[in-house]
Amino acid sequence: MNRRQFIGSAAAVSLTAAASFARAHDHAHHAGHAGHAHSAPRAYEAARKAAAHCVEAGQICLAHCIALLSEGDTSMKDCAAGVNQMLALCGTLQNLAAQNSRLTPSLAKVCIEACKQCAAACKEHAGHHAECKACYESCLACIKECEKIAA
């Protein structure tokens, strides 16, 4: 066996061993946690989905606000500020709710306020800008879901 064949064989053996170890580790990891991920109740799932929708609509709204602000339309400044705050909080709510965190109800209370402020700012533009209307509506839906779990 020449050096190149030896190195190729050694590499193949190493890769096979690594793959076997990974499969065994993965199997043991899942066996040790069998059912945990699936059996844990998703108490905050509706709030998570509402927050995710808020984040999606808010990102689009904020991009629209920034574009208009860059053209000199300063009437969008309050909308942009409200959306920006909502994005930070609803993004965090989405994350904590997905983890079934005990902090979710407390954060939901703060998200209600952020969504109310965002909705108020977007409502002023909802008749003229579809992006603001979508953000406004998603905030109202998020408020409704957050109120169900808020502490």
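**Helix packing in the predicted model**

Glycine 72, which follows helix 3, has a positive phi near 100°; helices here are DSSP runs of H or I with at least four residues, numbered from the N terminus. The structure is a predicted model, in which local features need pLDDT of at least 70, side-chain atom pairs count only at pLDDT 80 or more, and totals for chains, interfaces and linings use all residues. Residues are numbered from 1 along each chain as its sequence is written, and side-chain values use heavy atoms, with hydrogens and water left out.

Helix 3 comprises 26 residues (45–70) and reaches 37 Å from its first C-alpha to its last, close to the 38 Å expected at 1.5 Å a residue; the expected span is 1.5 Å times one less than the number of residues. Arginine 48 lies in helix 3. The side chain of arginine 48 forms a polar contact with that of glutamate 45, at 2.7 Å (a pair of N or O atoms within 3.5 Å; within protein, one must be able to donate a hydrogen and the other to accept it, and residues adjacent in sequence count only if both atoms are side-chain atoms). When neighbours within four places in sequence are left aside, arginine 48 contacts Gln94, Ala97 and Ala98, contact being heavy atoms within 4.5 Å.

Helix 3 packs with helix 4 at an angle of about 155°, their axes being 8 Å apart. Helix 3 is therefore roughly antiparallel to helix 4. Axes are lines fitted to C-alpha atoms, for helices over the stretch in contact, with angles from 0 to 180 degrees between N-to-C directions; angles under 35 degrees count as roughly parallel, over 145 as roughly antiparallel, 65 to 115 as roughly perpendicular and the rest as oblique. The crossing of helix 3 and helix 4 is left-handed, a term for a near helix turned anticlockwise from the far one by less than a right angle (right-handed if clockwise). This contact has 18 nonpolar, 5 polar and 2 charged residues, where Ala, Val, Leu, Ile, Met, Phe, Trp, Tyr, Cys and Pro count as nonpolar, Asp, Glu, Lys and Arg as charged, and the others, Gly among them, as polar.

Helix 4 (residues 77–98) also packs with helix 5 (residues 104–123), at about 155° and with axes 8 Å apart. Helix 4 is thus roughly antiparallel to helix 5, and their crossing is left-handed. The residues of this contact divide into 17 nonpolar, 5 polar and 1 charged.

The axes of helix 4 and helix 6 (residues 130–149) come within 12 Å and cross at roughly 40°. Helix 4 is accordingly oblique to helix 6. In this pairing, Cys79, Val83, Met86, Cys90 and Leu93 of helix 4 meet Cys132, Cys135, Cys139, Cys142 and Cys146 of helix 6; the contact has 10 nonpolar, no polar and no charged residues.

Key. Helices (H or I, at least four residues) and strands (E, at least two) are DSSP runs, numbered from the N terminus.
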